[in-house]
Amino acid sequence: MNGCDKVISKDIGIDLGTANVLIYIKGEGIVLNEPSVVAIETDTKNMVAVGKEAYEMLGRTPGKLKALRPIKDGVIADFEVAEMMLEAFIKKAMGKRNFTKPRILICCPSNVTQVEKNAIREAAERTGARKVYIEIEPKVAAVGAGVDISKPTANMIVDIGGGTTDVAVLSLNDMVTSASIKLAGHAFDQQIIKYIKDKNQLLIGDKTAEEIKIQLANVHNPDKKKKMEVKGRDLISGLPKTITINAEEVEEALHEGMSELVKTIKGVLEETPPELSADIVDKGIILTGGGALLKGIREVLQEQLKVPILIADSPLTCVAAGTGILLEDRKNLKEE
């Protein structure tokens with residue numbers, strides 16, 4: 001095989017997440033993991049930053065710049081900006097590698113519409129893809145978590161991402177039952193923002209809410225003694241203000257969201273054929289995605305669902321890793 005052949009044979013897997021984009025290159029593994037954020041000039045629409053650099057600008061840009069997330073609830077909300085972001089990330093992932101027209105596998109939520117699929121496919125094609133495959137995230141996450149979904153037995157995955165949570169029962173390389181809800185990492189942040197606004201008349205930003213979630217959130221028996229200072233804008237005086245919030249309050253803020261998550265998983269379980277339900281009781285439910293790292297989530301789900309709950313070894317990278325495995329064996333991929 002000559003150098004040119006090697007160049008053309010490269011395949012790319014993309015976990016196009018609301019919070020982060022991860023890129024896998026065949027033979028190399030995950031080569032990029034950056035926030036799904038783009039900073040653009042408001043008048044010219046030119047991109048000035050992408051990824052980590054743009055994320056640092058969220059909520060801090062002057063009037064002539066705007067930092068935004070082109071992926072909302074797991075699908076493309078701003079086609080033009082998403083295309084710029086994809087192209088920039090693919091170029092960054094390739095680095096000095098000289099290959100062109102790769103095959104690209106992109107993952108999306110299980111309830112994605114055909115219109116949304118077309119938008120994703122077109123964005124990928126414009127970056128120079130030779131072929132585009134689109135797969136649903138829970139299937140790819142299961143594969144990345146090391147689950148063999150090819151057999152006639154049930155495997156249940158709850159993939160809690162940044163914009164959506166996908167719940168699916170998989171068997172024989174396909175979904176048997178599924179649900180996708182717009183409740184995930186970003187929604188949990190918004191619930192924290194609303195709670196602090198309602199209780200303390202304090203307005204905080206998205207990044208502060210995410211930090212509270214990371215530092216304090218525990219949805220199962222939180223420690224009231226665990227506290228942190230939170231800075232924001234007083235809604236009454238309009239002036240900067242600092243308050244102290246504890247882990248118990250954060251659990252209270254997230255209670256409604258956790259109840260909705262439990263209800264959704266129960267709904268999928270109720271629709272699952274009895275023979276496959278028995279498999280789930282034996283094997284348990286696997287959690288993937290960043291939301292699987294929320295403290296106490298395994299214990300709450302186990303108590304409420306009466307089924308073993310397992311957290312994938314590397315929940316944040318399961319989807320990206322799964323793209324790599326599927327690209328190695330493309331017979332199970334759907335060409336769009």
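**Ground rules.** I count a contact when heavy atoms lie within 4.5 Å. I take helices (H or I, at least four residues) and strands (E, at least two) as DSSP runs, numbered from the N terminus. I note that this is a predicted model, where local features need pLDDT of at least 70, side-chain atom pairs count only at pLDDT 80 or more, and totals for chains, interfaces and linings use all residues. Residues are numbered from 1 along each chain as its sequence is written, and side-chain values use heavy atoms, with hydrogens and water left out.

**Entry 1: helix α9.** I began with α9, residues 274-283, and asked which of its residues are buried. I found L276, D279 and I280; buried means under 20% relative accessible area, exposed over 50%, and partly exposed in between (1.4 Å probe, protein chains only). Looking down the axis of α9, I saw these buried residues fall within an arc of 100°, so they line one face of the helix. The arc is that of the directions from the helix axis to the C-beta atoms. On the other side of α9, I noted P274, E275 and D282 as exposed.

What do the buried residues of α9 pack against? I listed the strands β11 (155-160), β12 (165-171), β13 (174-181) and β17 (285-288), together with helix α8 (247-271).

Entry 2: Axes here are lines fitted to C-alpha atoms, for helices over the stretch in contact, and angles run from 0 to 180 degrees between N-to-C directions.

A crossing is right-handed if the near helix is turned clockwise from the far one by less than a right angle, and left-handed if anticlockwise.

From α8, I wrote down M258, L261, V262, I265, K266 and L269, which meet I297, V300, L301, Q304 and L305 of α10. By class, this contact has nine nonpolar residues, one polar and one charged. Ala, Val, Leu, Ile, Met, Phe, Trp, Tyr, Cys and Pro count as nonpolar, Asp, Glu, Lys and Arg as charged, and the others, Gly among them, as polar.

**Entry 3: α3 and α4.** Next I took α3 (residues 79-94) and α4 (residues 114-126), whose axes come within 9 Å and cross at roughly 45°. That makes α3 oblique to α4, and I noted a right-handed crossing here. On the α3 side, F79, E83 and L86 make the contact, and they meet A119, E122, A123, A124 and R126 of α4. I sorted the residues of this contact into five nonpolar, no polar and three charged.

**Entry 4: α5 and α11.** At what angle do α5 (residues 137-144) and α11 (residues 318-328) cross? I got roughly 80°, with the axes coming within 7 Å. That makes α5 roughly perpendicular to α11. The α5 residues in contact are E137, V140, A141, V143 and G144, and those of α11 are C318, V319, A321, G322, T323, I325 and L326. I counted eight nonpolar, three polar and one charged.

**Entry 5: some loop residues.** G17 sits in the loop between β1 (11-16) and β2 (20-25). Is G17 buried or exposed? At 11% relative accessibility, G17 counts as buried. Leaving aside neighbours within four places in sequence, I found G17 in contact with S36 and I71.

K45 is in the loop between β4 (38-41) and β5 (47-50). I noted its positive phi of about 65°, although K45 is not a glycine. At 42% relative accessibility, K45 counts as partly exposed.

My last stop was L172, in the loop between β12 and β13. L172 is not a glycine either, yet I found a positive phi of about 50°. At 52% relative accessibility, L172 counts as exposed.

Definitions and conventions:
Parallel < 35°, antiparallel > 145°, perpendicular 65-115°, else oblique.
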